[in-house]
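Here is a friendly tour of a structure, from its symmetry to its salt bridges. Keep the model open beside the text as you read.

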Protein chains: 4
Amino acid sequence: MTISVAVSGASGYAGGELLRLLSNHPQVSIGAITAHSNAGSRLGALQPHLHSLSDRLLEETTAANLSGHDVVFLALPHGASAELAAQLPAETLVIDAGADHRLEDPAAWKAFYGSEHSGSWPYGLPELPGQREKLRGSKRIAVPGCYPTGSLLALAPGFAAGMLLPEDVVIVSASGTSGAGKSLKANLLGSEVIGSMSPYGVGGGHRHTPEIEQGLSQVAGEAVTISFTPTLAPMSRGILTTATVKVAPQLVKGGNVAEELRQIWAEAYQDEPFIHLLPEGQWPATQSVYGSNHVALQLAFDEHAGRLVICAVIDNLTKGTAGGAVQSMNIALGLEETLGLGQQGVAP
Amino acid sequence: MTISVAVSGASGYAGGELLRLLSNHPQVSIGAITAHSNAGSRLGALQPHLHSLSDRLLEETTAANLSGHDVVFLALPHGASAELAAQLPAETLVIDAGADHRLEDPAAWKAFYGSEHSGSWPYGLPELPGQREKLRGSKRIAVPGCYPTGSLLALAPGFAAGMLLPEDVVIVSASGTSGAGKSLKANLLGSEVIGSMSPYGVGGGHRHTPEIEQGLSQVAGEAVTISFTPTLAPMSRGILTTATVKVAPQLVKGGNVAEELRQIWAEAYQDEPFIHLLPEGQWPATQSVYGSNHVALQLAFDEHAGRLVICAVIDNLTKGTAGGAVQSMNIALGLEETLGLGQQGVAP
Amino acid sequence: MTISVAVSGASGYAGGELLRLLSNHPQVSIGAITAHSNAGSRLGALQPHLHSLSDRLLEETTAANLSGHDVVFLALPHGASAELAAQLPAETLVIDAGADHRLEDPAAWKAFYGSEHSGSWPYGLPELPGQREKLRGSKRIAVPGCYPTGSLLALAPGFAAGMLLPEDVVIVSASGTSGAGKSLKANLLGSEVIGSMSPYGVGGGHRHTPEIEQGLSQVAGEAVTISFTPTLAPMSRGILTTATVKVAPQLVKGGNVAEELRQIWAEAYQDEPFIHLLPEGQWPATQSVYGSNHVALQLAFDEHAGRLVICAVIDNLTKGTAGGAVQSMNIALGLEETLGLGQQGVAP
Amino acid sequence: MTISVAVSGASGYAGGELLRLLSNHPQVSIGAITAHSNAGSRLGALQPHLHSLSDRLLEETTAANLSGHDVVFLALPHGASAELAAQLPAETLVIDAGADHRLEDPAAWKAFYGSEHSGSWPYGLPELPGQREKLRGSKRIAVPGCYPTGSLLALAPGFAAGMLLPEDVVIVSASGTSGAGKSLKANLLGSEVIGSMSPYGVGGGHRHTPEIEQGLSQVAGEAVTISFTPTLAPMSRGILTTATVKVAPQLVKGGNVAEELRQIWAEAYQDEPFIHLLPEGQWPATQSVYGSNHVALQLAFDEHAGRLVICAVIDNLTKGTAGGAVQSMNIALGLEETLGLGQQGVAP
């Protein structure tokens with residue numbers, strides 16, 4: 001079976017990564033490749049790393065150009081996906097790598113994005129409890145944000161097991177610059193980011209905050225509140241998530257807290273092909289997942305501070321965007337989940 | 001008045017930075033420059049950026065070679081300073097950039113360093129309440145660790161004002177690789193650190209943890225407990241400290257919490273020559289303090305999460321080590337505090 | 001058909017890259033993975049990016065452990081391969097990623113490596129004229145050095161066409177730090193290489209100099225002399241080769257020199273799956289071949305200086321080492337040449 | 001004596017570096033700070049590393065605002081300086097960090113810049129033979145381009161001594177991204193430049209080519225032709241110049257060519273405060289001159305290739321722009337040449 005796919009937003013980083021992965025997928029045939037202001041250009045002029053596709057021309061991002069494929073990937077700025085998706089056939093699998101269909105709560109959408117809510121689609125993070133089933137056969141999938149992917153995978157097992165307190169979760173994430181996209185902003189110039197770390201969206205204002213809370217709350221079965229601080233790191237790819245959370249008193253009363261907690265994460269992820277709880281004492285580096293759909297994590301219980309600390313690394317463009325999208329496509333279409341995603345990380 | 005200084009550990013990063021700053025100090029004359037295994041080498045072979053000192057030869061690090069100067073800087077591995085310092089005249093100003101004399105609690109020292117405690121010296125962080133006075137005329141000064149410098153300056157004003165809760169402080173810091181020194185470890189190779197973020201010492205194990213708690217507890221007047229996670233960032237210099245803390249209920253009951261908190265930090269640092277609370281909305285980047293003794297910080301109150309977030313940037317080698325040492329020397333000797341430290345950050 | 005392979009030197013960067021590529025190869029089964037001082041370790045502790053192989057244990061690098069496979073890859077320091085190879089069965093395909101069997105001239109070997117010559121093997125750069133045929137069915141293959149791969153692919157078409165003068169070739173290459181391997185040297189520490197460019201082996205002393213001259217001379221049919229300067233760039237992977245050369249007077253006499261030269265390169269590489277002459281005006285960046293076996297190049301004729309300038313980019317670990325090795329294996333075994341090497345570059 | 005200075009173009013990288021250096025200059029008082037589109041902004045919002053000047057407001061770049069100072073620095077795009085300079089009093093020292101007044105040949109200007117020539121001013125590279133004298137008392141100075149600074153300092157001694165052949169000079173330079181300024185171009189985004197080397201302006205098209213040839217030709221006393229290839233390196237500052245050149249036959253006939261050549265450079269620079277010929281065997285790294293006005297260089301004679309190779313490192317913003325400008329100001333005003341420029345490099 002060959003699956004025909006179309007990719008919109010192909011001149012951006014998310015679009016480029018989708019094409020990189022899809023061109024390695026053994027059952028995929030890449031159809032329309034579309035863009036907005038770059039329509040008409042050779043792909044090779046914009047994404048010179050996609051050697052096998054360099055002579056392909058970018059078409060205009062329109063429903064007409066995207067129609068007629070088995071799968072359509074949307075890698076568009078938020079606000080642009082919903083309108084386009086509405087024009088695509090119901091039987092087409094539409095996978096939105098943008099934000100438009102992630103939040104279920106219209107008020108949260110309105111508060112953080114300022115526009116009308118477009119409704120929510122099944123959330124493409126199959127490693128969350130019960131989530132994989134919701135993706136099978138689905139025709140609409142919302143790909144999680146990059147920060148939420150790292151944060152939810154770091155914390156979900158403990159919340160699912162009822163072992164963590166829902167308040168006072170503190171998450172600090174360091175992201176590579178590609179997470180900010182290809183937009184021409186002075187603070188994203190190489191001269192500005194090389195050799196520099198800086199925070200942004202501090203104090204709860206980042207748009208991924210309600211998305212992380214939504215996911216954790218669903219897993220926990222109660223409202224979870226987080227303090228989330230994203231920072232920009234001098235690297236092009238990768239997110240290191242450092243999440244600290246208080247453990248429930250009933251657990252602390254028990255015996256070997258650290259061992260019990262470790263067991264919970266180990267069991268939650270033992271059959272996951274992309275999630276790796278590292279051996280004790282080994283801490284993850286973003287380099288180890290560079291260009292791959294893998295996630296590596298480790299945890300430590302700080303008895304003195306009464307907090308569990310989980311560190312998780314992902315590639316923001318792969319597992320955090322395009323890899324998660326392809327993984328979700330595989331599940332939705334009933335393919336082997338890891339198809340086309342077998343690559344290891346690229347290191348050093 | 002010319003002050004003669006000796007610098008030990010001159011082949012390492014801290015020693016090199018001390019020499020960089022001292023060679024720019026208008027009242028300092030650099031005497032003995034000493035090292036351990038590199039004794040006998042030209043300084044230019046080891047620190048090629050110190051152009052005006054390149055032909056100086058490194059002497060052996062001995063009490064005899066260090067004696068006879070007005071000031072002796074020790075930039076040695078922990079454990080090495082105490083023995084050497086004991087052999088130096090009581091009237092010599094000895095400034096220890098290492099860890100040996102920072103912790104006041106012998107039990108904490110033993111727990112984190114594993115050896116016998118060497119006693120504590122006045123702590124060279126003059127911006128802490130009351131601390132500047134303790135340094136005037138002192139003949140022994142312990143330079144704070146680099147992470148504690150960033151963390152304490154971020155949090156001290158709020159604790160001094162009684163506005164922060166002493167439990168549940170969460171600090172995540174990202175440091176450049178020079179903080180790990182020049183030791184030949186595989187994880188510090190350029191190929192490993194370029195393009196990669198990684199945590200270490202997670203779960204309360206980093207040796208700077210008790211030092212941060214000591215400083216915060218003294219300022220707060222009660223025991224402060226922190227969760228501290230250091231991470232390694234792909235840059236040679238700089239620390240971004242992200243500290244989050246709960247504000248005291250009596251404050252939250254008040255009116256404009258964010259404004260009140262901002263006022264506290266603004267007043268605490270209004271006369272400090274090196275500490276800069278940025279205008280509202282502007283967040284600091286480590287690049288802005290590169291190579292300088294300056295500290296830039298910003299804060300935001302996250303009402304939803306009930307937490308105050310403070311981000312502070314320092315250069316780990318300058319304000320975090322050698323700059324702090326020179327600043328302390330200036331105070332101890334009654335010189336103008338900023339002498340020799342006037343440089344701006346080097347950016348971009 | 002499943003091909004069993006063994007990889008020695010698996011704890012180093014070249015060995016890790018071989019395993020990364022081989023684990024993606026559809027017809028390869030990875031047998032023994034061996035190392036020297038790291039024998040007995042989990043692979044995941046040393047190469048955490050090789051997720052699917054993380055639980056494999058490293059065996060000792062001995063002929064006995066390597067025997068019994070269809071293909072043996074040697075990724076060892078020079079001097080170590082020859083002895084080991086001599087103990088492997090003649091019918092085993094042995095691919096040496098080290099230097100031992102690259103140079104044909106014993107005097108050149110002696111002059112640059114200081115030891116006795118081990119003889120030469122077919123050179124694994126199939127894009128050189130006539131070279132692909134020499135690799136088919138071969139049981140011994142010497143993988144080219146990383147700098148020679150970039151330099152030879154940049155210059156070979158012009159020399160093969162007799163259009164370039166054999167003297168006064170000047171090559172300046174910038175390499176990522178992984179080219180220097182995982183050895184613990186102070187100048188390879190992250191703190192030293194981040195933010196810094198530096199030359200080394202200047203003046204003709206680098207060991208890849210005679211290898212480049214050997215390749216160019218064979219293609220040109222006369223002795224070619226080069227000035228080669230390698231430099232270390234602050235990135236983990238990639239080589240940018242800048243080669244300048246004088247064009248033969250008979251060519252300059254002709255009409256449109258630039259166009260004629262362009263035509264020569266275009267024709268030489270038109271059927272090569274991994275070599276891409278970019279459209280006029282587009283210059284290559286090493287990022288575009290990151291983690292891939294592709295090569296991108298561009299040329300310009302500088303009429304004023306009378307020189308042709310060719311810039312070529314490769315990934316030193318992929319096309320420059322492990323990718324070239326796998327490509328050669330495919331050819332030697334009669335497989336499709338691109339098998340297991342289909343990946344695009346990983347960018348940004 | 002206090003010298004009042006005005007700095008235009010203060011929101012860019014060259015303007016920022018001028019302000020950084022001038023704020024450390026003991027005899028300088030900084031007057032007007034001007035910009036174009038950023039007029040009205042706080043300097044701290046644009047140049048957050050200039051802590052002592054952060055509250056200064058940017059004025060409009062007009063002759064009226066710049067007038068009334070002893071010295072005016074122009075850090076403007078080419079084409080903008082000439083018109084402005086014409087409106088400034090003849091007795092004001094005007095130092096142009098832009099390109100407008102560097103080239104003496106109107107035809108070269110026209111060919112490379114496309115506009116009418118504005119005439120040339122004394123060239124602010126005092127280390128060239130006889131050049132220092134031309135700057136004393138001068139009221140108009142053209143600051144050399146960053147690439148020419150590195151190239152001319154690398155090659156001048158040999159050409160001045162008549163030991164180098166004027167044809168077939170090959171220069172390949174690697175520059176940090178700040179050399180490209182703060183303009184918002186996609187290829188300058190952090191995501192694009194991190195981990196990547198790329199060439200540009202290949203084949204003789206870079207505007208610094210005629211400037212380098214002009215300087216070398218004046219020193220040599222005959223027309224010198226160069227092949228110049230600039231490349232962009234993943235670092236914010238620094239230029240590594242690799243220059244190779246053929247030595248004159250009469251020299252090669254002599255005895256110890258390498259030693260004779262070394263002697264020429266050693267003598268040429270023995271009294272220069274900022275130029276350092278490193279001890280034999282030590283090669284320069286750009287890190288060693290980071291943020292400083294120093295230049296480090298080394299040379300090697302490649303007997304096999306018949307070429308001399310010189311590698312020189314500068315900081316493109318300091319010695320390559322603003323430092324060179326301040327040094328020239330000191331000379332023009334009769335101050336000590338090194339005043340305000342005493343800083344060592346900032347490393348690691």
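This is a predicted model: local features need pLDDT of at least 70, side-chain atom pairs count only at pLDDT 80 or more; totals for chains, interfaces and linings use all residues.

## Symmetry of chains A and B

The same surface serves both of them, as 100% of the contact residues of chain B recur in chain A. Copies are superposed here by least squares on the C-alpha atoms of residues with pLDDT of at least 70 in both, and contact means heavy atoms within 4.5 Å.

Residues are numbered from 1 along each chain as its sequence is written, chains are lettered from A and ligands numbered from 1 in the order in which they are written, and side-chain values use heavy atoms, with hydrogens and water left out.

## The interface between A and B

How many residues of chain B are in contact with chain A? There are 43 residues of chain B in contact with 43 residues of chain A. The size of an interface is often given as the accessible area lost when the parts come together. For chain B and chain A, about 3400 Å² is buried between them, with 62% of it on carbon and sulfur atoms; this area is what two parts lose in accessible area (1.4 Å probe) on being put together, summed over both.

The rule also finds 12 residue pairs in polar contact across the interface of chain B and chain A, both residues being at pLDDT 80 or more. A polar contact is a pair of N or O atoms within 3.5 Å; within protein, one must be able to donate a hydrogen and the other to accept it, and residues adjacent in sequence count only if both atoms are side-chain atoms. On the side of chain B that touches chain A, the elements that each supply at least two residues include helix 8 (190–193), strand 9 (226–232) and strand 10 (239–246). Helices (H or I, at least four residues) and strands (E, at least two) are DSSP runs, numbered from the N terminus. The residues of that side divide into 21 nonpolar, 15 polar and seven charged. In this grouping Ala, Val, Leu, Ile, Met, Phe, Trp, Tyr, Cys and Pro count as nonpolar, Asp, Glu, Lys and Arg as charged, and the others, Gly among them, as polar.

## Salt bridges across the interface

Side chains of opposite charge can pair when their charged atoms come close. A salt bridge is taken as a side-chain nitrogen of Lys or Arg within 4 Å of a carboxyl oxygen of Asp or Glu. Between chain B and chain A the count is four, and over all chains it comes to 56.

One of the pairs is A:K246 with B:D168, whose closest N and O atoms are 2.3 Å apart. Both residues belong to a network of salt bridges that links A:D168, A:K246, A:R307, B:D168, B:K246 and B:R307.

In chain C, the side chains of C:E337 and C:R132 meet in a salt bridge at 2.7 Å, N to O. C:E337 sits in the segment after helix 12 (318–332) and C:R132 in helix 6 (residues 131–135), so this pair links distant parts of the chain, 205 residues apart. Are these two residues buried or exposed? C:E337 is buried at 15% relative accessibility, and C:R132 is buried at 15% as well. Buried means under 20% relative accessible area, exposed over 50%, and partly exposed in between (1.4 Å probe, protein chains only).In chain D, D:E17 forms a salt bridge with D:R20, the closest N and O atoms being 2.8 Å apart. Both lie in helix 1 (residues 13–22) of chain D, three residues apart, about one turn of the helix. D:E17 is buried at 0% relative accessibility, and D:R20 is buried at 2%.

A:S198 is in strand 8 (residues 198–199) of chain A and is buried, with a relative accessible area of 18%. Leaving out residues up to four places away in sequence, A:S198 touches A:T231, A:L232, B:L240, B:P284 and B:A285.

A:V247 lies in the loop between strand 10 (239–246) and helix 10 (249–253) of chain A, and is buried at 6% relative accessibility. A:V247 and A:R307 are 60 residues apart in sequence and 6.4 Å apart in space, C-alpha to C-alpha. B:S120, in the loop between helix 5 (106–113) and helix 6 (131–135) of chain B, is partly exposed at 34% relative accessibility.
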